[in-house]
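Please look over the structure below before reading the points.

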Amino acid sequence: MRILKSHPLLKLVNSYLIDASQPSNISYLWNFGSLLLVCLVIQIITGVTLAMHYSPNVLEAFNSIEHIMRDVNNGWLVRYLHSNTASAFFFLVYLHIGRGMYYGSYRAPRTLVWAIGTVILILMMGTGFLGYVLPYGQMSLWGATVITNLISAIPWIGQDIVESINITVIISLFIFVLILFIYLFSFNKEIMSLCLPTIGIIHKNALKKGNKVLRSNKEEYISIPSSFLAFLVGLIDGDGYIQVTRTPKGFIAIKLVISLHLEDISTLEYIHSVLKIGKINVYKDLRSPTCKLVINRTDLQEVMFPLLIYNNLFFLTDTRINQFNLSMYILKNDLKTYNEIPDITNIPSVFEIPKNPRDYTLLPFFKNWIVGFTCSEGSFFIKSNNDGCFQLKQRIHTNLFEAFKLVFDTNRKIETEKGLYNQFGVSSKSDIQNVINFFSFSGLHPLVGLKGIQYIKWLNSLHASKRYNSLNFPEAVL
C-alpha cells in the first residue's frame, strides 16, 4: 500500500481508483463508462494489429481478410475479438445513454457534457460503419451502398453528393465543422467563466497574504458542482445565517455562519474542504457543544456571493432572503457605517422569489436544496407503533412546504404548530417509497454527516420491518 502512495504514477492511479471519494447514491449503473474505456482499448489494440496485415485496396481487401483468418497466427482470434468487442461497444453505449436519460444527466450543469457525448456517439457510429465496409465483401458493399444513399434524401443536392467523387472530402469537412463548433462552444463558455466578479469594493487591508493566492485562482471555483452549492444554500437556509452587525466604532461587520452540533463537525469539514474559505470554530459547551463555520466579509464578496449569482442560486426562507438582500445592498453600495443602512423595506431584492408552490418545483436547484435543508431541518425516525416517518420542520413558509408535497407526490396535510412552525411529514408505504427514491435514486447530492448516518440506519430499520420490507431499497441496505 505504501508504494501506491509514493510512486508518481501509481499515486495518480490510486487517487482516481482507490482513494477518490464517490457519492453514496451511485450504483453499478455508473460502471458503463469504464467498461466502454476497456472496449476502446481492446478495439485500438486489435485494430492496429489487424491493420498490419490489411490491404486497403478494392481488389485486395477481401483477400487480405482471408489471409488474416487463415494464415496469420491467431489472426482469427484477433479479428473475432475486434468484431465482437465492436458489438459490445454499442450495447454498452446504449445502456450508458439509458442510464444518463433515466437519471437526468442531460440537465444543467451537465448540458455541455451531454452534447459532447452525443457528438462522440455520432463519430462512433461513423467509425463503426467504416470498419464494417473494410472487408469489402457482399455485406460490406451493399451496406455501404445503402448508407451512402441515405444522403440522396437531401433535397436538390443529395443525389449530386452521392455521385460526387469527393464525397469523402465532404463528409470529412462536415465532421470537422461539427467538432469545431463544439470546441468553440466549450471555449466560449470557458472565456465567460474565467473569473467570478467581486461584489463591491474590498479594502486593501482585507486582502490578507494567506488568502491572496487562493482568491486569485477564481476559475477553480467555477468548477464547483452546482448540486453542492444548492445543497449548501439549503443547509444555510436551515442552520445558517448572514450576520450584519455594528462594530464598536460604528462600522458594518458582515459574516456568514453555519452552526451545527459538535458531533456533526464532519459536515462543516466537508463544506470547508470544497470551498476552501472560512474558519471552523469549536465551542465545547457541556450543555450544547457546537461547531461553526464562519466566512468573513471578504470571502463573501470574492467567492461565496459571486458563486451564488453565477449559478443563479438563492435562499428560499424569508429570514435568509432578507439577510442576503441586505448584505448585497451594503456591498454593492460600499456602505461603511451602520447608520447608512436604510430600512429593510427599501432594500431591493436580488432574485425574484417564486410566488406559488409550483414555481418552487420548477427551480432547477430545488431538489438539491431540499437535500441540504433536510440535513438541517429534516429527520428520519421510527414511531412507537413501528411506522417509518420522514419530517421537515421550520418557521411558517406556506408555499415552500406545499412545494414539498409536490416534490414527494403526497396529499398529506401540512401541519402548523403554535402558529409559528410548519411541519411536513409522511409515513405511508407509498410516501416512504417516494422519499427513498428521492434521496437514493435521483442522482442528487447525497445526505452527509449525522443526517446521512441517520438516513442509513432508518433504511435498515425499514428493511427489517414487515410493513416496509417489500419497498425498493438501495443496494447498500440490501
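1. The model is predicted, not experimental. The protein has 478 residues, 37% of which count as buried. Its secondary structure consists of 20 helices and 8 strands.

2. Of the contacts between residues at least 6 apart in sequence, 64% join residues at least 24 apart. The accessible surface is about 28300 Å², and carbon and sulfur atoms account for 61% of that area.

3. Helix H3 (residues 32–51) packs against helix H5 (residues 75–102): their axes come within 9 Å and cross at roughly 155 degrees. Angles over 145 degrees count as roughly antiparallel, and H3 and H5 are therefore roughly antiparallel to each other. The crossing of the two is left-handed.

4. On the H3 side, the contact includes Phe 32, Leu 36, Cys 39 and Gln 43. On the H5 side, the residues include Arg 79, His 82, Phe 89 and Leu 92. By class, the residues of this contact divide into 15 nonpolar, 8 polar and 1 charged.

5. Asn 312 deserves a check of its backbone: phi is near 55 degrees, a positive value in a residue other than glycine. Asn 312 sits in the loop between helix H14 (297–310) and helix H15 (318–332). With a relative accessible area of 45%, Asn 312 is partly exposed.

6. Asp 334, also not a glycine, has a positive phi of about 50 degrees. Its place is the loop between H15 and helix H16 (357–361). Is Asp 334 buried or partly exposed? At 22% relative accessibility it counts as partly exposed, since buried means under 20%.

Terms used: Residues are numbered from 1 along each chain as its sequence is written. This is a predicted model: local features need pLDDT of at least 70, side-chain atom pairs count only at pLDDT 80 or more; totals for chains, interfaces and linings use all residues. Side-chain values use heavy atoms; hydrogens and water are left out. Helices (H or I, at least four residues) and strands (E, at least two) are DSSP runs, numbered from the N terminus. Buried means under 20% relative accessible area, exposed over 50%, partly exposed in between (1.4 Å probe, protein chains only). Contact means heavy atoms within 4.5 Å. Accessible areas come from the Shrake-Rupley method with a 1.4 Å probe; for residues, only the protein chains shown count as cover. Axes are lines fitted to C-alpha atoms, for helices over the stretch in contact, and angles run from 0 to 180 degrees between N-to-C directions. Angles under 35 degrees count as roughly parallel, over 145 as roughly antiparallel, 65 to 115 as roughly perpendicular and the rest as oblique. A crossing is left-handed if the near helix is turned anticlockwise from the far one by less than a right angle, and right-handed if clockwise. Ala, Val, Leu, Ile, Met, Phe, Trp, Tyr, Cys and Pro count as nonpolar, Asp, Glu, Lys and Arg as charged, and the others, Gly among them, as polar.
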